[in-house]
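Welcome! Here is a short briefing to read alongside the sequence and the 3D view.

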Amino acid sequence: MMPPDDFDPAIGVADTLEPGLRRIVAPNPSPMTYRGTNTYLLGTRGLAVIDPGPEDDAHLEAILASVGPDQQITHIIVTHTHLDHSPLARPLAQRTGAPVLAFGGPHAGRSAVMAELAKGDTVGGGEGIDTAFTPDIEVPDGTVIDGDGWTLEAIHTPGHIGNHLCLAWGDACLTADHVMGWATSLVSPPDGDLTDFMASCARLQARDWRVFYPGHGAPVTEPAARLDWLVSHRLGREASILHHLSQGPATAAQLAAAIYTETPPALQGAATRNVLAHLVDLTGKDRAAPDGKLTAGTTFKAL
């Protein structure tokens, strides 16, 4: 159930998605961000800006220009600390006086396994992390954020990164990069954790959603089906990895080259990181093991 590649929004324009919710796409298209980061404006008077986006003057001005004379920005909410989502939060706060809310800083929410891997600095990672980010207000799992005529529930969904939040708005959910509107998420250890990612999928699957508003791409109008597809896609990758390992030991890069045969060269590095995430997960399940110390280039064998 890969979505069609037909999302082509006007950049920098506040499009109304439904009453009380608008989207502005940032001017940062790339192989990893699709058309650009989706910044959301929630509310009709007191507004929440969700994922202000990359540090870009034009995008900052587009956000501010979308605020009407009878409106004001009261909350700036960051779903996670990647450079395409969080850096504009502080400049926007300085212009508006609104506080910045998030689960925590760049390393918040890491699992014990990933925290241990990070200590050794042997598995690489750290792609696109906003290391300077600090929220004004930390938003733990289950926090209810009340605004002017709107309410959001923070759902901690680690996986893509440890501090990732999804935000429930009634039966709609702003899913940021956990469930995207164009592709699967990058999971790159030690910031990303596939074991956590799958658990977060299960958590979202336990609720009945009407629509997902993702961090990249179009709204997901069949959220249950998309979650089922994401889980089956990951399980399919796991099966492929185990199949190749049954034929002999291999590194993450060797496995990615064998499995992601149709992946564009620009995304092959991301594919290798995803395979490494699977290998760490399989190691935790005692289905694979590294030959020696676990590093980005370690050879793994099936158990």
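Strand β13 (residues 250-251) is joined to strand β15 (residues 299-302) by two bridges, and these strands run antiparallel. Helices (H or I, at least four residues) and strands (E, at least two) are DSSP runs, numbered from the N terminus, and two strands pair if DSSP finds at least two bridges between them. This is a predicted model, in which local features need pLDDT of at least 70 and side-chain atom pairs count only at pLDDT 80 or more, while totals for chains, interfaces and linings use all residues. Residues are numbered from 1 along each chain as its sequence is written, and side-chain values use heavy atoms, with hydrogens and water left out.

**Around strand β15**

**The seven-stranded sheet**

- Seven strands make an open sheet with mixed pairing, in the order β1-β2-β3-β4-β5-β6-β7.
- At its edges stand β1 (15-18) and β7 (137-138), each with a single partner strand, so one side of each has no neighbour in the sheet.
- Five bridges link β2 (residues 21-25) with β3, and the two strands run antiparallel.
- I24 has T39 as its bridge partner in β3.
- Helix α1 (residues 57-65) packs on the sheet and touches β2, β3, β4 (46-50) and β5 (72-77); contact means heavy atoms within 4.5 Å.
- The direction of α1 makes about 160° with that of β2; axes are lines fitted to C-alpha atoms, for helices over the stretch in contact, and angles run from 0 to 180 degrees between N-to-C directions.
- Helix α2 (residues 89-96) lies across β4, β5 and β6 (100-102), running at about 155° to β5.

**A closer look at T39**

- T39 lies in strand β3 (residues 38-42).
- T39 counts as buried because its relative accessibility is 0%; buried means under 20% relative accessible area, exposed over 50%, and partly exposed in between (1.4 Å probe, protein chains only).
- Not counting residues up to four places away in sequence, T39 touches R22, R23, I24, V49, I50, D51, P52, G53, H59 and I63.

**The five-stranded sheet**

- Five strands form another open sheet, ordered β8-β9-β10-β11-β12, and its pairing is mixed.
- Its edge strands, β8 (144-146) and β12 (211-214), each pair on one side only.
- On average, neighbouring strands of this sheet are turned by 25° against each other, direction ignored.
- Strand β11 (residues 172-176) runs parallel to β12, and four bridges join them.
- A176 of β11 stands opposite P214 in β12.

**The nonpolar cores**

- A nonpolar core is a set of buried Ala, Val, Leu, Ile, Met, Phe, Trp, Tyr and Cys residues joined through side-chain atoms within 4.5 Å.
- The largest one has 21 residues, and those with the most contacts inside it are I241, L245, L255, V275 and L279.
- Helices α3 (112-120), α5 (223-246), α6 (252-259) and α7 (268-284) each supply at least two residues of this core.
- The largest share, six residues, comes from α7.
- A second, separate core of 20 residues includes L21, V139, L165 and Y213.
- Leaving aside neighbours within four places in sequence, L255 is in contact with I241, H244, L245, A250, V275 and L279.
- V275 belongs to helix α7 and is buried, at 1% relative accessibility.
- V275 and L194 are 81 residues apart in sequence, and their C-alpha atoms are 9.8 Å apart in space.

**Rings and charges**

- F7, Y34 and W182 form one aromatic cluster; rings of Phe, Tyr and Trp (its six-membered ring) pair if their centres lie within 6.5 Å, with planes under 30 degrees apart counted as stacked, over 60 as edge-to-face and the rest as tilted.
- R234 lies over the face of F197, at 5.1 Å from the ring centre, and R237 lies over the face of Y260, at 4.0 Å.
- A charge sits over a ring if NZ of Lys or CZ of Arg is within 6 Å of the ring centre and within 35 degrees of the ring normal.

**Backbone details**

- Most residues other than glycine have a negative phi, and most peptide bonds are trans.
- Y34, in the loop between β2 and β3, has a positive phi of about 60°.
- A176 has a positive phi of about 50° and is buried, with a relative accessible area of 2%.
- The peptide bond from P189 to P190 is cis, with omega near 0°.
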